[in-house]
Every structure is written in structure tokens, then in C-alpha cells.
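Thanks for coming. I will take one model this morning and go through a few parts of it.

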Amino acid sequence: MSTKNSIEVNLPGQAAAVPQPPMLPGVPFNNPEEIGAELDLTRSYADMMPYFEFCLTQSMKTRDAMNCVEDIRVGAREEERIDVFPNPNPKAPILIFVHGGWWLKTTRKHWSYTAYGFVQHGYTVIVSDYTLCPKGRIPDITQANRAAVAWAYEHADEINGDRDRIYLAGHSAGGQQAGMMAVTDWVQHGLPADVLKAVVPLSGIFDMRVIQHSYLNGFVQLNGESVQTQSAILHIPDSAPPIQLMVAEEESTEFHRQAEEFLEAWKAKKLDGSLVIIPDEDHSTYIFEMGHPDSPTCNAVVDFFKKH
């Protein structure tokens, strides 16, 4: 008998086939093409442009319809800015949203629409941004989002926010960033250890070795050090905010595996964690629901935050 990852042994009396480890160290894949098949979203859609155009159109409508303070600089790089949607009521809980795009596509201007649903639920919303790869690197992106958290804490009163109720969510590359924010030692950044009261990574990558071994690394350029520092699963602390991982039912197996393994590691540290799977949706469609206050995605996030 032979299997894909086995050595064939045909001689009588000898042991059966011996399973061999995957060819790529640290990940359950044999070659970069297998990873690409799981993570290359452009292969899932004949044309991504309608999705980007939808995001831009809906986001422009959102900024026109709502009170929006645009282009606040929070970091050293030009792109490290935020757009803020203050709630009309003072002392509102604050949601920081970190956008995706494989660390190399889209900006906060594509994702303004995500603020609408949460403002309706009583939140002040901050849409964070960062320098895209390859101009920047993923550690730079992590630092930019930490700067957004620091800005929210320092300026909460100015945006009708409550610095004691800051929450964070991120999708895709932003999901990876949400994981990094959840494991950050905020005291080292001059903030309270519990500055984030709860975190929701949507479709995050928490073990970045899959990215380092994939076609994406030609753009994001992870190396031996950064693949370690940017893998949240390798830095789970003894104390951290409650976390709710989210995945769409129809996403690829790898997104589900990443969430399940991260949750297992999180709970092994006796930390508060859960996993929500949004039925009948895929990687893009369920994030589109963030703009609708009554959608399953929006309600799942809000219901979780209300507990914390």
C-alpha cells in the first residue's frame, strides 16, 4: 500500500508503510502550491474587482451619510492614519477595525462601510490603516495598529468614546493583526495591560509559516525572525483579553484549521476563547455583513463585546 506521504515497503515480513512528515517544516503541506490553493483568494473569484468596487462605493456612501473625521495620523509613516466615526452619544464603547487585503491590497477607504452597523449599535468606530507590503513589512503593520490602539485610549473623550471600553476586530490580514493585538504586552507600550477589553479576529492567520512558505512571501517578505514575531500562536501570554475567533462556513480548510489550532492553544493557557462559524458565507461575503446592524456577522461581534 502506498500513500502520498509514505515510503512503499513491498518485501514480505517487513513493516507497513512509514508515514513521512510534510516537506514544508511546521505546516501540514507538501509544497507551496498546496498552500496557494488554500489561501489564494483570487482563485476563488473570477474577478476580484467587483468586490473592491462594492467596498469603495459602499464606503463612500457611509462617509457621506455619517459623521466621519478622516485621515488622522497616528504613526510615523504617511499611510499610518485612521478614520473615526464618532457615536453621537458620549462615553460610547470604541471598536477599532483593522482591514484585510493580504497585507498588500486595499486601504481604510475600502472599509468605511464596516462602521455603519456598529455605530447603529452604539459604538464609536475607528478604521485603522497601515503601509502596505512590500513598501512596508508585517512588523510595521503591527506597530501601526498598536499606535491606533494607543491613539484611541489617549483621545477617547474627543471622539465620544470610553477609554475603558475599547474593543478590536480585524478581518483576514486584519484577523492576523487582531491576533497580534490580543497577545501584545500593552504595559510595554505605556498603556494599561487590559486596554483591549475583547478581541475578534475574523479569518485570521495565526501561524505565519504558511505565509512564509507560500507565493505571498514574495510580497510580504517574512524572514526567520519576523515569521516568529508575527505568529500570534507563538506568543500567547498568561493573561490576555477574551477572544472570539470567527470563520465563514464556506472558507477553505486552512482558515478553519488556523482558528481551531489557535483556540486550542489559547485555551491551553486557561484564557477565555470561543469560535463562531457563520453559516452559508465565504471569506468575503460575511465581512460585507459588517455594515448591516442586523446581520449575523455584526450581531455575533456585538453580542460578544456586550459580555465584556
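This is a predicted model: local features need pLDDT of at least 70, side-chain atom pairs count only at pLDDT 80 or more; totals for chains, interfaces and linings use all residues.

Residues are numbered from 1 along each chain as its sequence is written, and side-chain values use heavy atoms, with hydrogens and water left out.

Helices first. Helices here are DSSP runs of H or I with at least four residues, strands are runs of E with at least two, and both are numbered from the N terminus. Helix α4 takes in residues 138–154, 17 residues in total. From first C-alpha to last, α4 reaches 25 Å, close to the 24 Å expected at 1.5 Å a residue. The expected span is 1.5 Å times one less than the number of residues.

How much of α4 is covered? The answer is 12 of its 17 residues, which are buried. Buried means under 20% relative accessible area, exposed means over 50%, and partly exposed is in between, with a 1.4 Å probe and protein chains only. Among the buried residues of α4 are Ile138, Ile141, Asn145, Arg146, Trp151 and Tyr153.

Thr142 is also in α4, and is buried at a relative accessible area of 1%. The side chains of Thr142 and Gln177 are joined by a polar contact of 2.9 Å. For a polar contact, a pair of N or O atoms must lie within 3.5 Å; within protein, one must be able to donate a hydrogen and the other to accept it, and residues adjacent in sequence count only if both atoms are side-chain atoms. With neighbours within four places in sequence set aside, Thr142 is in contact with Gln177, Met180, Met181 and Gln230. Contact means heavy atoms within 4.5 Å.

Ser59 lies in helix α2, residues 49–65, and counts as buried at 0% relative accessibility. Its side chain reaches the backbone nitrogen of Tyr113 at 3.2 Å. Not counting residues up to four places away in sequence, Ser59 touches Lys109, His110, Trp111, Ser112 and Tyr113.

Gly175 is in helix α5, residues 173–182, and is buried with a relative accessible area of 0%. What does Gly175 touch, not counting residues up to four places away in sequence? Gly170, Pro201, Leu202, Gly204 and Phe206. Gly175 and Leu202 are 27 residues apart in sequence, and their C-alpha atoms are 5.0 Å apart.

Now α9. Its 16 residues should span 22 Å at 1.5 Å a residue, and its end C-alpha atoms are 22 Å apart, which agrees. Its buried residues include Phe255, His256, Phe262, Leu263 and Trp266. What covers the buried residues of α9 includes α1, α5, α6, β9 and β10. After α9 comes Lys270, with a positive phi near 65 degrees.

That leads to the rings. Rings of Phe, Tyr and Trp (its six-membered ring) pair if their centres lie within 6.5 Å; planes under 30 degrees apart count as stacked, over 60 as edge-to-face and the rest as tilted. The count comes to 14 aromatic pairs. Trp102 and Phe255 form a stacked one, 6.2 Å centre to centre with 20 degrees between the planes. Trp102 lies in the loop between β5 and α3 and Phe255 in α9, so the pair ties together parts that are 153 residues apart in sequence. Both Trp102 and Phe255 are buried.

The pair of Tyr123 and Phe305 is tilted, because the ring centres are 6.3 Å apart and the planes are at 50 degrees. Tyr123 is in the loop between α3 and β6 and Phe305 in helix α11, so this pair ties together parts 182 residues apart in sequence. Tyr123 is buried at 4%, and Phe305 at 1%. Ring pairs also link Phe54, Phe97, Trp111, Tyr113 and Phe288 into a cluster.
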